[in-house]
Amino acid sequence: MTLPLGNDAAHQAFAAAMASGALHHAWLFAGPEGIGKATFARAAALRLLAEGAGADLPPGFDVPENNPQRKLIAAGSHPDYRVLARQPKEGDKTGLDLARSIPIAQVRALGPMFATRPSMSSRRVVIIDAVDDLERPGASNALLKNLEEPPEGTIFLLVSHAPGRLLPTIRSRCRQLRFDPLDDATMTSVLNQQLPAADPAEVAALIRMAHGSPGRALGFAGLDLAAIDQALAAIARDGDPSNGRRVRLAKSLALKAAQARYEAFLDRAPAFIAGVAPERQGERLRIALDGYDAARTLAATARALTLDAQATVYEMSGIVARLAR
């Protein structure tokens, strides 16, 4: 399994802990969503299980494709490996409509595995992706009991996008490993690997949008964010005295088929204004800062209240148009 690019310091810290022979039983992989925490957790879990089974492995996290542990995990049948995550809602045939949380029943379902020793090695690994999604208080308290009295040979790898929201008692029982947003050069490498057909303008727009998160960038891939940036730049540069540009943009993003682009626009417009502000001084800076606050508020309100998309885009574009003053 290939390690995600970036966050080499975090990867090396975990490797050193594995090599020390005194690996802590619970780890909290903390950082923004989409930067590779869960991918690393899966790679680390595979390595831990392969090492525990006595495999002769090269340094690092590589595990050969013919390794039995790797084959069992790929088949979803490893007896010493579990991943807890939000499950599709009942009746959802696409697998995309997920439950709001990880319920206590999923945590309690670990009980039979914990009742015996690991089956294939000296270790078992449980990944929770993301631990922020645990139903509170039931599921969180059920996990806490396991962290307080860890089953023999068990290692917990907890992925968290917002560790400050977790129960302090859960955080206190984990060793925290911080993962940071990726720099632009690493983001470019990731996106060029994952999106070889994307043109440089689209890659650049995705990087601006993603704030160091490859997962976020890939979620916006194919939405032609470069065109949204061009429309915002034109409105900010020239204003929109006839309202024509705002109307065209609002109509294009209000279509049902454009829902994903509309969601991206709600993120991109405030970020676009924030990017303009450092170039300004005096009254023009004040206009940009006020516009940023107004754009963020509008975006949050539009999502919370499901405001009309066309009217929201028109209003948001009007905020951007003030930058031309």
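This is a dialogue on how to read a predicted model of one protein chain.

Student: What should I know before I start?

Tutor: The model is predicted, so local features need pLDDT of at least 70 and side-chain atom pairs count only at pLDDT 80 or more, while totals for chains, interfaces and linings use all residues. Residues are numbered from 1 along each chain as its sequence is written, and side-chain values use heavy atoms, with hydrogens and water left out.

Student: How many helices and strands does the protein chain have?

Tutor: Helices (H or I, at least four residues) and strands (E, at least two) are DSSP runs, numbered from the N terminus. Here there are 15 helices and five strands. The C-alpha trace spans about 75 × 40 × 40 Å along its principal axes.

Student: What share of the residues count as buried?

Tutor: Buried means under 20% relative accessible area, exposed over 50%, and partly exposed in between, with a 1.4 Å probe and protein chains only. Of the 325 residues, 45% count as buried.

Student: Which residues of strand β4 are buried on each side?

Tutor: On one side they are Thr154, Phe156, Leu158 and Ser160, and on the other Ile155, Leu157 and Val159. Seven of the seven residues of β4 (residues 154-160) are buried, so the strand is largely enclosed by the rest of the structure.

Student: How many bridges join β4 to β1, and how many to β3?

Tutor: Two strands pair if DSSP finds at least two bridges between them. Five bridges join β1 to β4, and these strands run parallel. Alanine 26 stands opposite phenylalanine 156 in β4. Between β3 (residues 124-129) and β4 there are six bridges, again with the strands parallel. There, arginine 124 has threonine 154 of β4 as its bridge partner.

Student: How many aromatic pairs are found in the whole structure?

Tutor: Rings of Phe, Tyr and Trp (its six-membered ring) pair if their centres lie within 6.5 Å; planes under 30 degrees apart count as stacked, over 60 as edge-to-face and the rest as tilted. The search finds eight pairs. In one of them, the rings of phenylalanine 29 and phenylalanine 40 have centres 5.5 Å apart and planes at 45°, so the pair is tilted. Phenylalanine 29 lies in strand β1 (residues 26-30) and phenylalanine 40 in helix α2, so the pair ties together parts that are 11 residues apart in sequence.

Student: Which other ring does phenylalanine 40 pair with?

Tutor: Phenylalanine 40 also forms a tilted pair with phenylalanine 179, at 5.8 Å centre to centre and 50° between the planes. Phenylalanine 179 is in the loop between β5 (175-178) and α8, so this pair ties together parts 139 residues apart in sequence. Both phenylalanine 40 and phenylalanine 179 are buried. One aromatic cluster is formed by Phe14, Trp27, Phe29, Phe40, Phe61 and Phe179.

Student: What lines the largest pocket?

Tutor: Rolling a probe the size of a water molecule over the atoms shows where empty space is left. On a 1 Å grid over the protein atoms alone, a pocket is an open set of points where a 1.4 Å probe fits, with protein on both sides within 12 Å along at least five of seven lines; lining residues have an atom within 4 Å of a point. The largest pocket is lined by 26 residues, of which Gly34, Ile35, Gly36, Thr39 and Gly215 lie nearest its centre. Helices α2 (37-52), α8 (184-194) and α10 (214-219) each supply at least two residues of this lining.
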